[in-house]
Amino acid sequence: MSVLKKVKRCSHCGAILQTENPEKDGYITSVILKKYPDGVLLCDKCFSDEKTADNTVSLNDEFKSILTEMKKKNALVIYVIDLFSFEGGFPSEANDLLSGLDVIAVANKRDLLPSDVADEELIAYVNHRLRVSKLKVDKVLLTSSNSNYHIDELTELMKENFKNRDIYFVGSATSGKSTLISEILKDFKNKTNKLIVTYTFPNTTLRGFQIPISDKNYIYELPGFPISNSLLGVLEKPIVNYIVPKKEVEDRKFTISDKSSLAIGGLAFVEQLSEGKTVLHCYASPKITIKTKKGDSLKFFESILKKGDQYNTSYKFRELNDFDVYDFDVPEEGERDIGILGLGRIQFTGNNQKFRVFVPKGVYVYTTRARLKNVK
């Protein structure tokens, strides 16, 4: 009697998985195939090519035309970055177009990060990440529009660097530009006969605020750069309300090994493929349930997805096939982060581990040196 056998394919490129010839499409290490016979798998080539998700956000021609106009005017740029969802805050296209302008980087939402971490450490980290992204800035300032932190300092910086030119507030859709401007306007004295208006940028359909600061110059707020590869851009609003923290995010500590795994709600799953134990420090909204469990990781993950709202799952991502899978080799020692854009980050001490991370399709995952130092 004939027997049908399901053919296993790479979940990324679709090639039929095989363990015999590394030179042919679909090659996968036999150890991985045996360990995850029913798992969502990537061939070795896709493991390598897709080690991290793409964090490139393409700006449309309307955004590009505004940034080009800013450069022609030699404008002062206030670049507002979401300090909590930091890695998605500065698309490379924007950085290229802003090259050569005076840029003040404002790392907003300081109140969401642990208060016992020194501002100097955070500023050093932001400067490092901006250098890596090739965005040259004149200064980095930490702010919080919710707690009025350093708003006066930002206002003074703007006055010192005004030099009779326009000032543009730019940043991602989650950076908090509008709230920052609202705080600045509380002490704003309009000495002109012009009004603050909603403004449509020339030759575009994009609208923002236009605030007069002299008879010839204005503060402009651009619409937020879209972040299509963030969880905040793909989840339904009720779930977004759960995953966006409203107050300081505390360290939640968990230990996993090659015999256990971790679930961050029903939105991300982490396995350790290498031997030994690793302490994970999870920084995410306190409303999100985080659990670890020994045993079969995939069954654990599937059980979480089936439980629905109890574990902050999305109706869009209810099957393991709705998730992208990434492997991270960590040859570096010292404090490291694995970040999931829009959800939070996981900090650990690097020690030649290998992790597998499941995230909803299209969401940006990254690994970098730790944003915070000396976790306990």
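Helices (H or I, at least four residues) and strands (E, at least two) are DSSP runs, numbered here from the N terminus. The model on screen is predicted, so local features need pLDDT of at least 70 and side-chain atom pairs count only at pLDDT 80 or more, while totals for chains, interfaces and linings use all residues. Residues are numbered from 1 along each chain as its sequence is written, and side-chain values use heavy atoms, with hydrogens and water left out.

Start by selecting Val-7, which lies in the segment before α1 (30-35). Val-7 has a relative accessible area of 47% and is therefore partly exposed, where buried means under 20%, exposed over 50% and partly exposed in between (1.4 Å probe, protein chains only).

Next, go to helix α6 (residues 151-161), where Ile-151, Leu-154, Leu-157 and Met-158 are buried. Why do they lie on the same side of α6? They cover an arc of only 120 degrees around the axis, the arc being that of the directions from the helix axis to the C-beta atoms. On the face of α6 turned away from its buried side, select the exposed residues Lys-159 and Glu-160.

Now turn to the salt bridges, each defined as a side-chain nitrogen of Lys or Arg within 4 Å of a carboxyl oxygen of Asp or Glu; by this rule the count comes to 13. Select Asp-82 and Lys-109, whose side chains meet in a salt bridge at 3.1 Å, N to O. This pair links distant parts of the chain, 27 residues apart, with Asp-82 in strand β1 (residues 76-82) and Lys-109 in the loop between β2 (102-108) and α5 (119-132). Both Asp-82 and Lys-109 are buried.

Move on to Arg-356 and Asp-327, which form a salt bridge at 2.8 Å, N to O, and which connect strand β14 (residues 344-360) with strand β13 (residues 323-340) across 29 residues of chain. Arg-356 and Asp-327 are both buried. For another pair, select Arg-336 and Glu-332, joined by a salt bridge at 4.0 Å, N to O; Arg-336 is buried, with a relative accessible area of 12%, whereas Glu-332, at 35%, counts as partly exposed.

Finally, select Glu-248, in the loop between α9 (237-243) and β8 (252-257), which is partly exposed at 31% relative accessible area.
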